[in-house]
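Hi,

Here is the structure I promised to pass on.

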Amino acid sequence: MADVHDGATSGEAAETAVEKHSSASPGVAVERADRIANPGFPPERLRVTDTDPAKEKAAERTVSGLFLMSVVGSILAVVAYVAFPIVEGQPETIRLNNLFLGLGITLGLLGIGIGAVHWSKALMHGHELVEQRHPTRGSDETRAKAVEVFQAGNKESGFTRRSLVRNTLIGALVATPIPAIAIFRDLAPAEDPVALLKHTMWDEGVRLTRDPSGTPIKASEVTIGSAFHVIPEGLTELESHKLEEKAKAAVLLMRLPLDRLNEREDRKDWSYDGIVAYSKICTHVGCPVALYEQQTHHLLCPCHQSEFDVANHAEVIFGPAARPLPQLPITVDEEGYLVAKSDFTEPVGPSFWERAL
Amino acid sequence: MRFTGWAANYIDERTSASTAVKTLGRKIFPDHWSFMLGEVALYSFVVILLSGTFLTFFFDPSMTEVEYEGSYVPLQGIPMSVAYHSSLDISFEIRGGLLMRQVHHWAALLFVASIALHMLRVFFTGAFRKPRELNWVIGFLLFVLAMALGFTGYSLPDDLLSGNGLRIIDGMIKAVPVAGAWISYLLFGDEFPGTDIIPRLYVLHILLLPAILVALIGAHMVLLIVNKHTQFAGPGRTNDNVVGAPVMPVFAAKAGGFFFLVFGVIVLIASLFTINPIWNYGPYDPSPVSAGTQPDWYIGFADGALRLIPPHLETVIFGYTWSWNVLIPLVGLLVFLAAAAVYPFLEAWVTGDKREHHIAERPRNNPTRTAIGAAGVTFYAGLWAAASSDLIATHFRLSIEGVIHALQFVTVVGPFIAYFVTKRVCLALMRKDREIALHGYESGRIVRLPGGEYIEVHEQLDDYERWRLVSYEEYQPLMVRPDARGRITARQRVRAGLSRWFFEDRISPVTQKELESQRH
Ligand code: HEM
Ligand code: FES
């Protein structure tokens, strides 16, 4: 039970300031005999509301004033709900509804909050109280009783004695959750994800089309310095898996001056007249690499700032990505539209365990 | 009055509630501003529950594609998921819907922030020491769960930013050795993004995770009551008592009032400031992305960790891919979090102190712990700042490379600098405390002595003021001693080494003898 302490006459209270020494090991703590002693509680200071009845009355009025303000706020909130309807086509009505409904509720809440805190600080009994702590551990007697309970349980069931029963029970308990793990296999369809990850919609002759309209792109439209966001022809008409396919097949198309373009010998025919197509899916963790700096021919991934150099096989020149962006081999068809020569020759996007297999 | 008496009796005869009132009603709670951080966390969680429940009445987590036909003109006719559509409807068609979304989101930000600050308070005051180690672990789990709840919630509206966040999670999962591709496939129910992830996250967000969170908060509170609150040292306060206000009525009124204050402030912010304007981002689409976007603050440290890794870190061994650029930050963060979770046990082992501790320490009085904490905070801050590396670069017109290199330095070297500086500052402060406890403080009053010289008068402290400065725990390094068989075990050597690291530099509290000799 808590005792009131008032410092001035603190015969009893001061006693609470005497440390009882526990029997637990202090470890490497230093225990000195000539520690300075706890001086006990200081004399308590009174508040103005304790000494001046007029101030007390005033505080009382403030508190109930605040509670009344809260009532007014709650009413205002309902008024605002009705008075500020949302009108279609007028976005500012949403703002007004949000603002005044919110302010009404705020007033309703803050009135109670400030009022209650002020009440407790200015008017409620202000003395500090003292309560004794007790060791957290149960008393020796209680602990002995607990041990007895366990022993009785063990004896009456034979838990340790009948070891066959116990061990088979443990085995059974270990086995029961296994079906619970197994039944989660159908979280996804039966296919092997690794095979899916290694193919995209691109294939020989598939036209490069604009994202999102799906209109095909003529090589002549790709001027130097421009960049096109590209999706494969037919993506917009897909009945299902539109986003899944797009997440693998999105491509960036750029034209570089021929003298700036560094190409690998075996990939010379993957570009068309300085036009190159690279996967737009970052090889780091898969964000779209959407920012093209046409002076430097650098592609920047906005997620973690990996930078790829399009003039040099989209090599990583900065940031956490490890691999260049995969290149899509392209050419033009007889009508002059850009088409893929094949699918990507490696999986696009983030790395995974079986990627290089 | 007759009625309350009758009702109290009715309930007690059926529940024995009077016992609970008797034991809990006058429990004492000590007062300090920093003890309110945990309360802020608790109250903002209640606000989250209330606003979140409102949102569930209108939100539809389906990922079926529909065409937008709501009242927000710029998006009309655009294909999007039902989840995104319903989030727009909550914002634009339902009175108070936008307010509740904003209340929910602001409260979530405040919730995680107050948990983090609360943890720092507990850490730096040593309030995790025996008997409160287990409650520290529960609190740690609450912090992790809160981040998970925040992330799952952030993903629900299925706007461009939340989808991009999931894309990053997908990429990180895929990097997991052996099973990565499979885990991602099962989680998303298909190739990314699939049509299952939002409904699945929804179940986690509104049922499973909150249920665990509520259970853990319950356990946290029960242990708080069993262990009673710590208090700072002060005259009359000892390790064996609690000094403060009783639950009934002062603490109840203050805490209850404080709940309404927290709630009110959250609603005020939500009515004045927009958060997560999903209508500006558009529906999720794997192709576009806008530069300069930010995750919610508590995800920043993880995002930053990904950014700080230097290029090209990936190896293929026997055809299998090891994505170090993802695994290093992932494992690094797990180790960092695990270190925070087990710190109390490490310190307890080093000190070997088996006593109960109920006095919250002043951070300076445990210089090594405080320095370790400062190092951890610096590490976290470096990662966190890295999540805004692009914004820092554009805002201060720096190169992104320069910013990243600077932040790599901050996260790798910064913690060591923070450690040494903090430790020195703590020791200096302790020396100063000692000085003041013995000689008083400089009063600023200059007097001229009869001999002509000037001195500054030192004002002595009274016993009550001095107590705060001298009543701290002191530890010394462990002496290695041979055990019963005359051997010194490796375990003991490690422990001795650690305890030397912890307690080599120490400043003893002023003793009674010193004080008396000073007085003469
Ligand atoms: C039982 C508890 C909860 C329920 C019932 C709940 C419910 C919801 C619902 C229905 C949504 C989607 C509506 C929308 O975004 O418009 C949502 C979003 C969200 N939730 Fe929760 N939630 C709960 C707890 C939490 C917690 C503990 C946190 C954070 C620590 C959190 C953080 C978020 C966030 C950040 C969003 C996105 C808000 C936005 O759209 O701006 N939620 N929640
Ligand atoms: S996803 Fe592109 S840098 Fe991380």
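Below is what turned up, starting with the ground rules.

This is a predicted model, so local features need pLDDT of at least 70 and side-chain atom pairs count only at pLDDT 80 or more, while totals for chains, interfaces and linings use all residues. Residues are numbered from 1 along each chain as its sequence is written, chains are lettered from A and ligands numbered from 1 in the order in which they are written, and side-chain values use heavy atoms, with hydrogens and water left out.

First, the metal. H104(B) and H205(B) each bring an NE2 atom to the iron atom of ligand 1, at 1.9 to 2.0 Å. Donors here are N, O and S atoms within 2.8 Å of the metal (3.2 Å for Na, K and Ca), and with water not among the atoms, sites may look incomplete. The iron site has 6 donor atoms with angles of 86 to 179° among them and comes out octahedral (for six donors: opposite ones over 155 degrees apart, all others between 65 and 115). The two histidines sit 101 residues apart, H104(B) in helix α5 (97-124) and H205(B) in helix α9 (197-227) of chain B; helices are DSSP runs of H or I, at least four residues, numbered from the N terminus. Both H104(B) and H205(B) are buried, meaning under 20% relative accessible area, with exposed over 50% and partly exposed in between (1.4 Å probe, protein chains only).

Next, the interface. On the chain B side 133 residues are in contact with 114 of chain A (contact: heavy atoms within 4.5 Å). The two chains bury about 10,200 Å² between them, 62% of it on carbon and sulfur atoms; that is the accessible area (1.4 Å probe) lost on being put together, summed over both parts. In chain B, R95(B), E191(B) and D240(B) lose the most area to chain A, together 8% of what that side buries.

There are 8 salt bridges across this interface, a salt bridge being a side-chain nitrogen of Lys or Arg within 4 Å of a carboxyl oxygen of Asp or Glu. K246(A) and D285(B) meet in a salt bridge at 2.7 Å, N to O. Helix α10 (247-272) gives the largest share of the chain B side that touches chain A, with 16 residues.

Lastly, helix α12 (300-307) of chain B is mostly covered, with 7 of its 8 residues buried. Among them are F301(B), D303(B) and L306(B), and the cover includes α6, α7 and α13 of chain B.

Cheers

Definitions and conventions
Tetrahedral: all angles 85-135°; square planar, octahedral: opposite > 155°, others 65-115°.
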